[in-house]
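This briefing goes with the sequence and coordinates shown below. Please read the points alongside the structure.

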Amino acid sequence: MSKIKTFFQCQTCGYGSPKWLGKCPDCNSWNSFAEEKAVARPQRSAVRQTKEHVEPVSLRAIEDTAQHRIPTGIQEFDRVLGGGVVHGSVVLVGGDPGIGKSTLLLQALSGLSRHAGKMLYISGEESLQQIKIRADRLSVSDEDINLLTETSLEDILDSAKKISPKAMVVDSIQTAFTQELVSAPGSVGQVRECAAKLMLFAKRSHIPIFIIGHVTKEGAIAGPRVLEHIVDTVLYFEGDRGHSYRILRTIKNRFGSTNEIGIFEMSDSGLREVDNPSELFLSERPLNVSGSTVVASIEGTRPLLVELQALVSPSSFGVPRRTSIGVDFNRVNLLIAVLEKRAGIHLGGMDIFINIVGGLKMIEPAVDLGIITAIASSARERPIDADIFLFGEVGLSGEIRAVAQADHRLKEGSKIGFAKAVIAAGNEEKMRNDYGLSVIGVKNVEECLDAILG
Ligand code: TYD
Ligand code: MG
């Protein structure tokens, strides 16, 4: 006999407590506890598929089916997934409302359908007519896509079993609910339980499932840590409402790299892939303005040239402000200290702002050289030549260190039309081709600033 019990759960992080609490001891949010009733039942592993698997299985005896992938036909999406979607995998696509998640997945289903056949799109948010209007806009019509407007998870799974599609989309996990729990759809308990059930279904049926999740104010999908560890792959769809480009970023991927990004542009007829992102990110670059430089970074497997800006101005407060958008704040502070000590630039009383144009985030140390030169350029009020781009890691003693994949970066720069590259001396010695660029190898920060700012 199953027993009904109630407990209280933090709606932000999923922390459970037998009694109501005003403040969550785990994530410190206030007034976030709601009562949840759960039917107590034995824990089941989502990956365990049949009863026989209770017995250990020889590694050699397991069939390698997981690596068969279905391409979505959208190259940017496929690359982010690691080369297409894996059978039986669960992919969570998160993002702000209105960013284009439903659009992206309807386009992906259309591509998948061309390769694999029958698809199922389940929406708990929009009516069939609304989806039809969007499909017309995206010119998705001939493909074998079945639509269902349903929010009950049990009914969703019944339909999926009946029509057995080759892939399905659940739009969105916050509207789905399972009858086993009495809490409201969108609560942590519901979201977690529904995701676990979908995971179990995907593993048993080998049907890949895309789950759409809305991001909460705090920037996490239905509370942090709640869904991310259940699913196989977590993708975030980001972008500025003011701009038309969107970035699909991998946060977690059991079947591929987590460094990949896919870049799209929202147009009148849906999302368009951006084949040449460097050109897009450099398109509005101001020329002959101090504090602007171009760095060559590698995102996953692809080189990307972006503009990095710095603004250095005298501070009107006792403690100067330091802000960085798109690069690590601590890294910027470290590089400011290197500039002060090794290049003799006084930044003590200065406010310093750093920004990567286009809303990108760069965690690679190769952008160090860009940060250093942008700050120096702004501090000395000297613009950097518009046809220079650079990359290199900066060490604490002011030395410039070589970075990986220098040839890739040089090639991309030359393709975009740059004439000069300033790189680590270690990279210059080993480069195989200069791609028609005049390449300057620098050993330390002083040499670099001499080469660029004169
Ligand atoms: P949508 O996919 O509904 O966003 P989400 O599912 O993430 O909430 O798309 C949101 C926006 O995209 C909407 O404001 C309209 C815009 N849009 C276009 O600009 N072009 C298009 O072809 C489509 C379908 C949508
Ligand atoms: Mg939507």
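The notes below cover the domains, the sheet, the domain interface and the salt bridges.

The model is predicted. The domain assignment divides the protein chain into domain 1 (4-39), domain 2 (69-275) and domain 3 (280-453).

- Strands of a sheet pair through backbone hydrogen bonds, in either a parallel or an antiparallel arrangement.
- The pairing of β12 (residues 245-253) with β13 (residues 261-267) is antiparallel and runs over five bridges.
- Tyrosine 245 has glutamate 265 in β13 as its bridge partner.

**Interface of domain 2 and domain 3**

- The centres of the two domains, taken over C-alpha atoms, are 37 Å apart.
- Domain 2 brings 12 residues to the contact and domain 3 brings 11 residues.
- The size of an interface is often expressed as the accessible area lost when the parts come together.
- Of the area that domain 2 buries against domain 3, 38% comes from Tyr245, Arg249 and Ile261, more than from any other three residues.
- The rule finds two salt bridges across this interface.
- Two residue pairs are in polar contact across the interface, both at pLDDT 80 or more.
- On the side of domain 2 that touches domain 3, α1 (75-81), β12 and β13 each supply at least two residues.

**Salt bridges**

- The whole structure contains 16 salt bridges by the search.
- One of them joins lysine 203 and aspartate 232 through their side chains, at 2.8 Å from N to O.
- This pair links distant parts of the chain, 29 residues apart: lysine 203 belongs to helix α5 (residues 188-205), and aspartate 232 to the loop between β10 (209-214) and β11 (233-239).
- Lysine 361 and glutamate 238 also form a salt bridge, and their closest N and O atoms are 3.7 Å apart.

Conventions: Residues numbered from 1 in each chain as written. Chains lettered and ligands numbered in written order. Predicted model: local features only at pLDDT ≥ 70, side-chain atom pairs only at ≥ 80, totals over all residues. Heavy atoms only, no water. Pairing = 2+ DSSP bridges. Helix = DSSP H or I, 4+ residues; strand = E, 2+ residues; numbered from the N terminus. Domains from an automatic or database assignment. Contact = heavy atoms within 4.5 Å. Buried area = accessible area lost by both parts, 1.4 Å probe. Salt bridge = Lys/Arg side-chain N within 4 Å of Asp/Glu carboxyl O. Polar contact = N/O pair within 3.5 Å; in protein donor to acceptor, adjacent residues only side chain to side chain.
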